[in-house]
Amino acid sequence: MSKSIRLSIFSVVLVIFGGLYSWAQEVPSAKSISTSIKNGFFSKEKWGAGYLNYMNGPTLSDSKGGSINHFLTLKRKFNPDWALSLTLRPDSNLYNGESSFAMSDPYLKLNYPTIFKGANGVKVVGDLSYYAPVSEATKTAGLAGMVSPRLITSYESGKLNFSYFLIPKIYLISETQEGQKIFSHTHYISTGYKLSSLITLDFALSPAWTTKRGQPIAFNDLPMYPGMTFSFNKNFSFSPYIEVSALKPDSKTTSVGGVLNYTLL
């Protein structure tokens, strides 16, 4: 092989190895990719998880029944303003010491930027939820799910806090039936007074109206919720309460309950 040919082959080999070396320098290592994923999509700051339940005790005139509504939530935070979460709803029904489970409708919730924030402590936020038609009750009612655009106004001043939830619900129809729900709106008005870092006294009202197909708008009830909240730390709280109907304040409508709230992430 002539000297010129050997030099040409050697030059080509150098060019190839030089190109491979430059490419290898530009391609991120497995470790850097792992770090990027960890600090990006899977970073702890961008995820949230929590568990909440409503313990619905028996009425004062009947001590046999009760239920627990479970809320298991996983949230993905895109930035400080936007987040998307999925909540699963397995519920426990209790009667005469025996329990049974029923799946309520799970829902997706979109949190969007704060609508208003005033210098005096007033804050208005909102979210949009879609409830999937998973439960037997929803399927039987001929519904294809439900959409709920909530609006929440809150105010804090010293030891006093106030909040107002406007909760409209739009029922999506899959099969038209007489008397099925079309629209409802609930107004949850609550106030709390902080006695200490551990205990807050609570009081709430929750009037609601429902529109059903072929029927006039109906006022449901006016339940009241006196109670208190024990905040053991920033991630764990328990709120026992009494539910009393302002329209029928008797033992058949008065019941006990509680809310357990635990933030995992």
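This is a predicted model: local features need pLDDT of at least 70, side-chain atom pairs count only at pLDDT 80 or more; totals for chains, interfaces and linings use all residues.
Residues are numbered from 1 along each chain as its sequence is written, and side-chain values use heavy atoms, leaving out hydrogens and water.

**Exercise 1.** Work out how many helices and strands the protein has.

*Solution.* Start with the rule: helices (H or I, at least four residues) and strands (E, at least two) are DSSP runs, numbered from the N terminus. Counting that way, you get three helices and 18 strands.

**Exercise 2.** Decide whether Ser85 is buried or exposed, and find what it is in contact with.

*Solution.* First, find Ser85: it sits in strand E3, residues 83-88. Next, the cut-offs: buried is under 20% relative accessible area, exposed is over 50%, and partly exposed lies in between (1.4 Å probe, protein chains only). Ser85 has 5% relative accessibility, so it counts as buried. Last, look for contacts, meaning heavy atoms within 4.5 Å. Skip the neighbours within four places in sequence, and Ser85 touches Thr73, Leu74, Lys75, Tyr107, Leu108 and Lys109.

**Exercise 3.** Now try Leu86: which strand is it in, and is it buried or partly exposed?

*Solution.* Leu86 is in strand E3 too. Its relative accessibility is 41%, so Leu86 counts as partly exposed.
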